[in-house]
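Trainee: I would like a close look at one part of this model. Please keep it brisk, and give the cut-offs as you go.

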Amino acid sequence: MADRDGVIWMDGELVPWREATTHVLTHTLHYGMGVFEGVRAYKADKGTAIFRLHDHTRRLFRSAHILRMHMPWSEDELNRAQLQVVRDNDLESAYIRPMCFYGSEGMGLRADNLQTHVMVAAWAWGAYLGEENMQKGIRIKTSSFTRHHVNITMCRAKANGNYMNSMLALNEALTDGYDEAMLLDAEGFVAEGSGENIFLVRDGVLYTPDLTSALEGITRDTILRLAAELGLAVREKRITRDEVYVADEAFFTGTAAEVTPIREVDNRAIGAGIRGPVTEQLQNLYFDVVHGRHHVHPEWLTYI
Ligand code: PMP
């Protein structure tokens, strides 16, 4: 990742990609206290546009607020930084990674006298769970790792340290031959994937877990809104793993994962074991919206 051309926005300056480095005593590297975003830009009808830029930046600020990290920039400035890195790296479509971290000004858990540093990078990144799987669907496994309890780390913050749990779960699933993990919350109800929210379809109704132990996903919100606009019944509720087993369809949502069908969970086929019709309809609609081919929500696209 480090050895490539381009520029990265760091603390207000555009720095050549290979020179965008930090000291080994960077506080966040030691203790994981930081917040970040994953954002995508797509080639749309009138040029490249960032999808739900303002919502992502707002979530970044909310994450910082939850962790009580001081933000040295305004939302507006970070919106402009994200547009700039896509533009200045000549990207037609991109994955954008803003991150706020504590620097090397001091060590220790007291974390006083630390400064928040901000970086924004962007690069081309295809289908996170594989192009073929977007049609065929993936195989997932209930994780032996429990998703964060709200009083351990707070799931509404997209915080760096939260992802140790995600990585342990994903690594276990991949090692066991699955494509992704499904994590349960501390009470045993379905929470989310390692980096995705989960949806089920049963008897034409769309279900997704409430947000106790899941990130407030922007793709989740997009799908809930698009589904409601299509006239589908949508319900947010507690979901058990056996409800997933007997669902007609299931899929993951996320900025990186987009809308990825799930064809099997814990070695049980979901529905017909292929991408279901509601999943396909929502997936197509999602891609139409992010690519500006469907004009229902022009406010979701910010052209660079
Ligand atoms: N849950 C987790 C743990 C994630 O990391 C992500 C990706 N940001 C999501 C859900 C989906 O969120 P979004 O749709 O905002 O990308």
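Trainee: Which residue follows H3, and is its phi positive or negative?

Mentor: Asp90 follows H3, and its phi is positive, near 55°. First, the ground rules. This is a predicted model: local features need pLDDT of at least 70, side-chain atom pairs count only at pLDDT 80 or more, and totals for chains, interfaces and linings use all residues. Residues are numbered from 1 along each chain as its sequence is written. Helices (H or I, at least four residues) and strands (E, at least two) are DSSP runs, numbered from the N terminus.

Now the helix itself. H3 covers residues 75–88. The expected span of a helix is 1.5 Å times one less than its number of residues. The 14 residues of H3 should therefore span 20 Å, and the end C-alpha atoms are 20 Å apart, which agrees. Leu78, Ala81, Gln82, Leu83, Val85 and Val86 of H3 are buried. A residue is buried if 20 or more other C-beta atoms, placed from the backbone, lie within 10 Å of its own; 12 or fewer makes it exposed, and anything in between partly exposed.

Just after H2, Arg68 takes a positive phi of about 60°. Just after H8, Gly292 has a positive phi of about 70°. Ala111 is not a glycine, yet its phi is positive, about 55°. Ala111 sits in the loop between strand E6 (94–102) and strand E7 (116–123). Its 15 other C-beta atoms within 10 Å make Ala111 partly exposed. Asn267, also a residue other than glycine, has a positive phi near 65°. Asn267 lies in the loop between E15 and strand E16 (268–269). With 9 C-beta neighbours inside 10 Å, Asn267 counts as exposed.

H2 runs 53–67. Its 15 residues should span 21 Å, and its end C-alpha atoms are 21 Å apart, which agrees. Leu53, His56, Thr57, Arg59, Leu60, Ser63 and Ala64 of H2 are buried. They cover an arc of only 155° around the axis, which puts them on the same side of H2. That arc is taken over the directions from the helix axis to the C-beta atoms. An α-helix has 3.6 residues a turn, so residues three or four places apart point the same way.

H8 (residues 277–290) has 14 residues and reaches 20 Å from its first C-alpha to its last, close to the 20 Å expected. Val278, Thr279, Leu282, Gln283, Leu285, Val289 and Val290 are its buried residues. Seen down the axis of H8, they fall within an arc of 165°, so they line one face of the helix. Their cover includes E4, strand E5 (47–51), strand E11 (197–202), H6, E14 and strand E15 (258–265).

Next, the domains. Domain 1 is 7–123 and domain 2 is 133–290; the bounds come from an automatic or database domain assignment. Their C-alpha centres lie 26 Å apart. In all, 21 residues of domain 1 are in contact with 12 residues of domain 2. Contact means that the C-beta atoms, placed from the backbone, lie within 7 Å. Strand E3 (34–36), strand E4 (39–44) and helix H2 each give two or more residues to the side of domain 1 that touches domain 2. H2 gives the most, seven residues. By class, that side has nine nonpolar, six polar and six charged residues. Ala, Val, Leu, Ile, Met, Phe, Trp, Tyr, Cys and Pro count as nonpolar; Asp, Glu, Lys and Arg as charged; the others, Gly among them, as polar.

Last, the ligand. Of the 15 residues around it, Leu215, Gly217, Ile218, Thr219 and Thr255 come nearest. A residue is near if its C-beta atom, placed from the backbone, lies within 6 Å of the molecule. The shell divides into three nonpolar, nine polar and three charged residues. H6 gives the most, three residues. Arg220 is in H6. With 23 C-beta neighbours inside 10 Å, Arg220 counts as buried. Leaving aside neighbours within four places in sequence, Arg220 is in contact with Asn197, Thr208 and Thr253. The C-alpha atoms of Arg220 and Asn197 are separated by 6.4 Å, though the two are 23 residues apart along the chain.

Note on methods:
Contact = placed C-beta atoms within 7 Å.
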